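Here is a quick tour of a two-chain model, written for someone who likes to know the cut-offs behind the words. Have the structure open while you read.

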Amino acid sequence: MIYFFVIYSFGSSSQLLYCRSCDILIVMKFESIIQLKDVEFSYPAQVEAAAPAKALDGISLDIERGSFVAIVGSNGSGKSTLAKHFNALLLPGGGEVIVCGMKTSDPECTWEIRRRCGMVFQNPDNQLVSSVVEDDVAFGPENIGVEPLRIRELVDESLKAVGMYEHRKKGPHLLSGGQKQRVAIAGVLAMQPECIVFDEPTAMLDPAGRRDILKIIEALHEEGKTVILITHFMEEAALAERVIVLEGGRVAFDEAPDKLFSRAAELEKYKLGLPFAASMAQKLRALGLKVPEGTITQEGLADFICR
Amino acid sequence: MAIKDITLGQYFPGESAVHSLDPRTKLIGTVIFIASLFVVDSFGGFAVCALCLLAVVKLSGVPLRFLMRGLRAVLILIIFTAAINLFMTPGVEVWRLGFIKVTEEGIYRSAFMAIRLVLLILGSSMLTLTTKPVTLTDGLERLFRPFGKLGLPAHELAMMMTIALRFIPTLLDETDRIMKAQMARGADFESGNLRERARGLIPLLVPLFVSAFRIAADLAMAMEARCYRGGEGRTRMNAVEFGKGDYAAFALCAMMLAFAILSRKLNWF
């Protein structure tokens, strides 16, 4: 095993690394897919003359191409608002958002940004357009003017990728919530995006549907797609490589999930719970067992117990 | 209450030659059939129209029994029309009871109108029985696209129909849910006179409207996220093209219309 130590970070796009076993220094450059610079946003005030509250208050982020990032936070922390900035559904009131090298504020780029950065929403019912599954998956490619024969290929591939190919002729109202959500993912995949933003995709699903969706999300990440998962389930956040905690429209925490979940006190402050495995590990530790720090997934915990 | 069990439209699934015709062909064909029914002025002509229709029905594989079911909904209309014609036509009296009289001309006309209505309804049900609502919408969009220059928003209308079809089951579900929620709070939808019942619907309709608007807002956002920006520059996966079958169907329809016109002009029957 070769270990690298981060010696220095140049801004957020490159790092100086040191490898102890081979005694070399290397500079690693990250390619960021989404960059936010001091993004501010406020919704129009509900009451006249009341100062609008800032939903986003100076957020700067860099999301690396191919990474799996979870964004968590309590209700009203601005996580959905943030998600809608990634594909120009909302435009920043201050600062700028750059997606794949394009500014979201440039109207010329809006559609290319939305093609490259797809989005799956929370409610499985309210995001399907057509009463036939395959027609719905074709909706995105049709909108961007893909050739009919190519659309057919894309639709078949995407439906197979989410395991819904055999249901392609059905009406969405005959499917379960999890299946509908899989169709919604296929609809995004058919546009061949580089990045997919999931805005609480499992919030309205039963446990089985939730498991299916998470499996698909992990598979997409392994294929090299950038995945951004907005969630309030800590179990889901634990699957990511990086967790961003939002609090009152600001980034409160931005690190690997094992770092976050080893600080129970801090989590309490952000009104977030521990994932089951992490709280279990903590209780076992309190009983004197030496559960390693950073045990946050059920697999990790099972590995420790079976050892 | 099983509101959800309502079947939408009356599509009869199948793979027949009629099913696989272009929706535009079927739309135009239906219009021609209806036009022929109005051109024809004799029972003999109706017999020919009925035979043509029967041939199409056999070809499509839709059971006759299924087709006849479509008549049930309009039975009252047919009986009413026939009755009016029967009693109100002046002419040679055949039978009389008080002020009600039946004339020879009345019998003829009422039979004539009833047959015309029945054929009309059966003919147009064949369109909806062999064409999915979604395909029909596509056909309408393509058919009316040339009128876009005259300001007819063909794509927008078709998209509205598509979305309406998609969300009918969702809204039915929602209605069911709200009804149950309101009944749990003591709302009463089933007793009282008409006026009271209508008032009782208010606690159902208000939340239903609110929820419909919420769904519309969600859907609009999801559509925008998937690059929807109107009909311009849009392609279709199932681009409908006329095939051999369509041309054959057009030829048959043209023959039928020609026959109807000739039979009237030359008094064949």
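## A helix pair in chain B

A crossing is called left-handed if the near helix is turned anticlockwise from the far one by less than a right angle, and right-handed if clockwise. Helices here are DSSP runs of H or I with at least four residues, strands are runs of E with at least two, and both are numbered from the N terminus. With that in hand, the crossing of H2(B) and H5(B) is left-handed. The residues making this contact include Phe46(B), Leu53(B) and Val57(B) of H2(B) and Ile115(B), Leu122(B) and Met126(B) of H5(B), where contact means C-beta atoms, placed from the backbone, within 7 Å.

H2(B) covers residues 43-60 and H5(B) covers residues 104-130; their axes come within 11 Å and cross at roughly 20°. The axes are lines fitted to C-alpha atoms over the stretch in contact, with angles from 0 to 180 degrees between N-to-C directions. The two helices therefore count as roughly parallel (under 35 degrees; over 145 is roughly antiparallel, 65 to 115 roughly perpendicular, the rest oblique).

## Ground rules

This is a predicted model, so to speak with care: local features need pLDDT of at least 70 and side-chain atom pairs 80 or more, while totals for chains, interfaces and linings use all residues. Residues are numbered from 1 along each chain as its sequence is written, and chains are lettered from A and ligands numbered from 1 in the order written.

## Chain A overall

Chain A has 11 helices and 13 strands. Its radius of gyration is 21 Å, close to the 19 Å that the globule rule gives for 307 residues, so chain A is as compact as a globular protein of that length. That radius is taken over C-alpha atoms, and the rule is 2.2 Å times the number of residues to the power 0.38.

## Where the chains meet

The contact takes 25 residues from chain B and 32 residues from chain A. On the chain B side, helix H7 (154-184) and helix H9 (202-225) each give two or more residues. H9(B) has the largest share, with 8 residues.

## Two cysteines with positive phi

Cys100(A) has a positive phi of about 50° without being a glycine, and sits in the loop between strands E7 (94-99) and E8 (102-103) of chain A. In chain B, Cys227(B) has a positive phi near 65°, and lies in the loop between H9 and helix H10 (244-265).

Note on methods. Contact = placed C-beta atoms within 7 Å.
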